[in-house]
Amino acid sequence: MERTFIMIKPDGVARGLIGEVIGRFERKGLTLTNLRMLTIDAELAHNHYAEHVDKGFFKELLSFITSGPVVAMEWSGEGAVNAARAVIGPTDPMKAGPGTIRGDYGLAVTQNIVHGSDSPESAERELGLFFG
Ligand code: DAT
Ligand code: MG
């Protein structure tokens, strides 16, 4: 059994998409095994997005991800990391097809509604950051 870290970002929470997003992972067959609502501070944002701190878009990403409450979740199931990424869709919502969360609800690459871990190793690291 694999687990992955999924987070509904501040835009998804503000737009009232928590139920919609959770329902999609449930219908995929994944199991919600932990959940926590919080507002990310700068330190946690730097840790979570450590691979991106030197990128040109990081300042915008930092300001966005700390701008309001998020829903942090652990989802479990066979191939959970890739299954969840398929439900979420590509990073840029304009390139995400209909039927994916980002394809159905997103327009801009920063405000793309949901985060999903990109590998089992990233998932364990990110789950540790958010759930200890
Ligand atoms: P993903 O969230 O699909 O794993 P990522 O890890 O490459 O994508 O990037 C993390 C987040 O940073 C992404 O969800 C949105 C933002 N981002 C990525 N590339 C960007 C870009 N070129 N311009 C603006 N924001 C970007
Ligand atoms: Mg990523």
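This is a predicted model: local features need pLDDT of at least 70, side-chain atom pairs count only at pLDDT 80 or more; totals for chains, interfaces and linings use all residues.
Biologist: Which aromatic pair of F5 is stacked, and at what distance do the ring centres lie?

Modeller: A search of the whole structure finds 3 aromatic pairs. One of them joins F5 and F130, whose planes meet at 25°. Planes under 30 degrees apart count as stacked, so the pair of F5 and F130 is stacked, with a centre distance of 4.5 Å.

Biologist: How many residues apart are F5 and F130, and which elements hold them?

Modeller: The pair links distant parts of the chain. F5 belongs to strand β1 (residues 2–8) and F130 to helix α7 (residues 120–131), and the separation is 125 residues.

Biologist: Are F5 and F130 buried or exposed?

Modeller: Buried means under 20% relative accessible area. F5 has a value of 0%, and F130 has a value of 2%. Therefore F5 is buried, and F130 likewise counts as buried.

Biologist: What is the geometry of the aromatic pair formed by F5 and F131?

Modeller: The ring centres of F5 and F131 are 6.5 Å apart, with 70° between the planes. This pair also links distant parts of the chain, since F131 lies in helix α7, 126 residues from F5 in strand β1. An angle over 60 degrees counts as edge-to-face, so the arrangement of F5 and F131 is edge-to-face.

Biologist: Is F131 buried, exposed or partly exposed, and which residues form one aromatic cluster with it?

Modeller: The relative accessible area of F131 is 24%, which makes F131 partly exposed. The cluster that contains F131 consists of F5, F130 and F131.

Biologist: How many residues of strand β3 are buried, and which of them point the way of V70?

Modeller: Strand β3 (residues 70–77) is mostly covered, with 8 of its 8 residues buried. In a regular strand the side chains alternate between the two faces of the sheet. In β3, V71, M73, W75 and G77 point one way, and the other way point V70, A72, E74 and S76.

Biologist: Which side chains place a polar atom by an oxygen atom of ligand 1, and what share of the ligand does the protein bury?

Modeller: The surroundings of ligand 1 include K9, Y49, H52, R85, T91 and R102. Taken alone, ligand 1 exposes 520 Å², of which the protein buries 77%.

Biologist: What is the phi of I113, and where is this residue found?

Modeller: Most residues other than glycine have a negative phi. I113 is not a glycine, yet its phi is positive. I113 is buried, with a relative accessible area of 0%. I113 is found in the loop between α6 (101–105) and β4 (114–116), and its phi is about 75°.

Conventions: Residues are numbered from 1 along each chain as its sequence is written. Chains are lettered from A and ligands numbered from 1 in the order in which they are written. Side-chain values use heavy atoms; hydrogens and water are left out. Helices (H or I, at least four residues) and strands (E, at least two) are DSSP runs, numbered from the N terminus. Buried means under 20% relative accessible area, exposed over 50%, partly exposed in between (1.4 Å probe, protein chains only). Rings of Phe, Tyr and Trp (its six-membered ring) pair if their centres lie within 6.5 Å; planes under 30 degrees apart count as stacked, over 60 as edge-to-face and the rest as tilted. A residue is near a molecule or strand if one of its heavy atoms lies within 4 Å of it. Accessible areas come from the Shrake-Rupley method with a 1.4 Å probe; for residues, only the protein chains shown count as cover.
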